[in-house]
Every structure is written in structure tokens, then in C-alpha cells.
Amino acid sequence: MTAAGTAPGCDVVVVGEYYWDLIFTGLPEVPRLGADLFARHFATLPGASFTSATALHRLGLRTAWAADFGTDLFSQLALDAARKEGLDDRLFRRLDHPLERVSAAFSFAHDRGFVSYAVRDDLPPAPEALAAAAPKALLLQSFRLQPELLALARAAKRQGVLVYLDCQHVPHRIDSPGVAELFREIDVFAPNESEALAFTGAADVSTALERLVAMVPTVLVKRGAAGAIGVSRGERCAVPAPAVTVVDTTGAGDSFNAGFLYGRLRGFDFRDSLALAACCGALATTDYGGRALPREAELVALIRQEAAAST
């Protein structure tokens, strides 16, 4: 599946599982016990780290995705989707047993929730595999205190790779054993607002940022329709999100991550990279799941439109 004739190195390695998403929208209310609800719209498509890898790929970054796949239907559907998208498969591991991962998402304009099932978590690739891929950046999709993940982040840091950590479904707190050790290997940490507050125990975003930047050089807080706020090596800035018609917020955070990495790897400064991230996140919400992940030309066009509107 790896494109022939491409250089052995890549821009980004994405580490994280696939999930197969079942997305329900247009619900009359949030699901609850005893209520039989019918959605007005439905979509089924690959999600989780597939979305991140696809978002980076569509922005023109050479992206290798490290993930495991089994013999089950959902693994095959995700593999077929990756093949159709043209994703680099050099870090795929195909196992000889089922590896089912599925999520049912109920999505509203302001937020969404999931009911998910996974046989187990993936183990990240070995540091030797990362060295062979020779990326400029490493995107860790899930925040886990695994010895293998710490070893990978540490190896990436030694190789001069930018290490970017997302914050999805984190059961830890900022003072949990092992967090400080992992954060020493991280360059960028990107929780959303609710994750930042829960993880730090702070009452507001400003306090959460203060606590996080004491441990990580660059911290980005995703704020949905309110845009994003971040601090990088003493520089603090906030950016708005462009106004869009929201269909589904699933995958918006993944697209945000791709936009920020695109900005940094293309040589944009911190503020502009954060603005690119907010634009990518907003564009991703205009259709179900990852269907609206922007391509580079769309992103550039929106940035120009936003710049013209502000003058």
C-alpha cells in the first residue's frame, strides 16, 4: 500500500488504533435509559487514528500510520478505507486473530458522546521502526502510561523528532505517577478544554495552562467553536474558530492536530500554526466523521478568506 517511488522518510508518524465509527445525528435528545430514540441521519466510517492520519495526508504531509489490524470485519473495513485513501502502511501490523474496535457516536452541534468497545490497546512500534521511518514529527494519539510508549517518545526526542501528544479519554491526573516522566519527552500537549480542566484539577483554562506549561514547552487547548488558546515557550495567544455550519464534531480534534503540525512543519510561527489548527478543526465539522477533512488547497483558501474578512 505504501506509494511506490516515495522517499524512505516521512513527515509524520501517527501512533494509535483504528476504530470503526457508527455516527448517529439529528437525535431529539441525549440518549438515556428507557428512551427509544431515532436519529434523522446516520453514517458509518473509520475513525480514531485513521482520521488523524488521513487529515495529515490530505494536507500534503507524508504520513505513516502505526496501527494493528486483525481478522475481523471492522479491521478489514478500516484496511480497505486506508487503501482507498492511499495511506502509507509501512507500520501496519496484521495479526492472525480478531481485533474488533467499534464506536457508536451520538453527535450534536455542541458536542458528542461515544459508546465504544475494543479488544485491547495497541502497543506502539519499536524505536527501531521509528528510526527507519525517519519522521520529522511523532503524533501520539492516545495518552497512556505504557513503558513502550515512554520508550518510543524518548527515542523520538533523541532523534530530534517533534513529539506531539493528544489527550483522549485520559484516566490520569497531572500528579499521577509516570506523568512527569512522560512529559519530559513531550514537545506539544493538546487537550481540549474539558480534558485540560479534569487533568489538572484547575477551575479555569488559564490556571490549567499555567500548570501544564510548567511541564511541557507547548500546550494547546482546543475550545470548539470558541477556537483555541495556547502557550509556547512563553508566547501566549488565542485564536478564533471560523464560523461554519456544524454537522458533526467527530474528528474535529484530530483535524486540529493535523493543522497545527502542518503549520509547524511548513515553517509557520506559533500563532499562525494555531490558527491553521483551529481552521482545520472547524472545517472537519461540516460533514460526518472525517468526510470533511480539508485538503491543503481548501485550508489555504479559508485562511485567505478569514484574513480578507478581518481587514
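Which residues form one aromatic cluster? In this predicted model, Tyr-18, Phe-50, Trp-65, Phe-69 and Phe-92 make up that cluster.

## Aromatic pairs

A search through the whole structure finds 15 aromatic pairs. In the pair of Trp-65 with Phe-92, the ring centres lie 5.4 Å apart and the planes stand at 90°, so the arrangement is edge-to-face. Because Trp-65 belongs to strand E4 (residues 63-69) and Phe-92 to strand E5 (residues 92-94), this pair ties together parts that are 27 residues apart in sequence. Trp-65 has a relative accessibility of 0% and therefore counts as buried, and Phe-92, at 9% relative accessibility, counts as buried too.

Phe-260 and Phe-270 also form an edge-to-face aromatic pair, with 6.2 Å from centre to centre and 75° between the planes. Here Phe-260 lies in helix H8 and Phe-270 in helix H9, so the parts tied together by the pair are 10 residues apart in sequence. Phe-260 is buried, its relative accessible area being 1%, and Phe-270 is likewise buried, with a relative accessible area of 4%.

## Packing of helices H1 and H8

Two packed helices are described by the angle between their axes together with the distance between those axes. For helix H1 (residues 49-58) and helix H8 (residues 252-265), the axes come within 8 Å and cross at roughly 35°, and the crossing is right-handed.

On the H1 side the contact is made by Thr-51, Ser-52, Ala-55 and Leu-56, which meet Asp-254, Ser-255, Ala-258 and Leu-261 of H8.

## The loop around Ala-292

Ala-292 is found in the loop that runs between helix H9 (270-284) and helix H10 (296-310). With a relative accessibility of 14%, Ala-292 falls under the 20% limit and therefore counts as buried.

When neighbours within four places in sequence are left aside, Ala-292 is in contact with Leu-283, Ala-284, Thr-286 and Asp-287. Ser-255, one of the H8 residues in the contact with H1, is 37 residues from Ala-292 in sequence, while the C-alpha atoms of Ala-292 and Ser-255 are 9.6 Å apart in space.

Notes: Residues are numbered from 1 along each chain as its sequence is written. This is a predicted model: local features need pLDDT of at least 70, side-chain atom pairs count only at pLDDT 80 or more; totals for chains, interfaces and linings use all residues. Side-chain values use heavy atoms; hydrogens and water are left out. Helices (H or I, at least four residues) and strands (E, at least two) are DSSP runs, numbered from the N terminus. Buried means under 20% relative accessible area, exposed over 50%, partly exposed in between (1.4 Å probe, protein chains only). Contact means heavy atoms within 4.5 Å. Axes are lines fitted to C-alpha atoms, for helices over the stretch in contact, and angles run from 0 to 180 degrees between N-to-C directions. A crossing is left-handed if the near helix is turned anticlockwise from the far one by less than a right angle, and right-handed if clockwise. Rings of Phe, Tyr and Trp (its six-membered ring) pair if their centres lie within 6.5 Å; planes under 30 degrees apart count as stacked, over 60 as edge-to-face and the rest as tilted.
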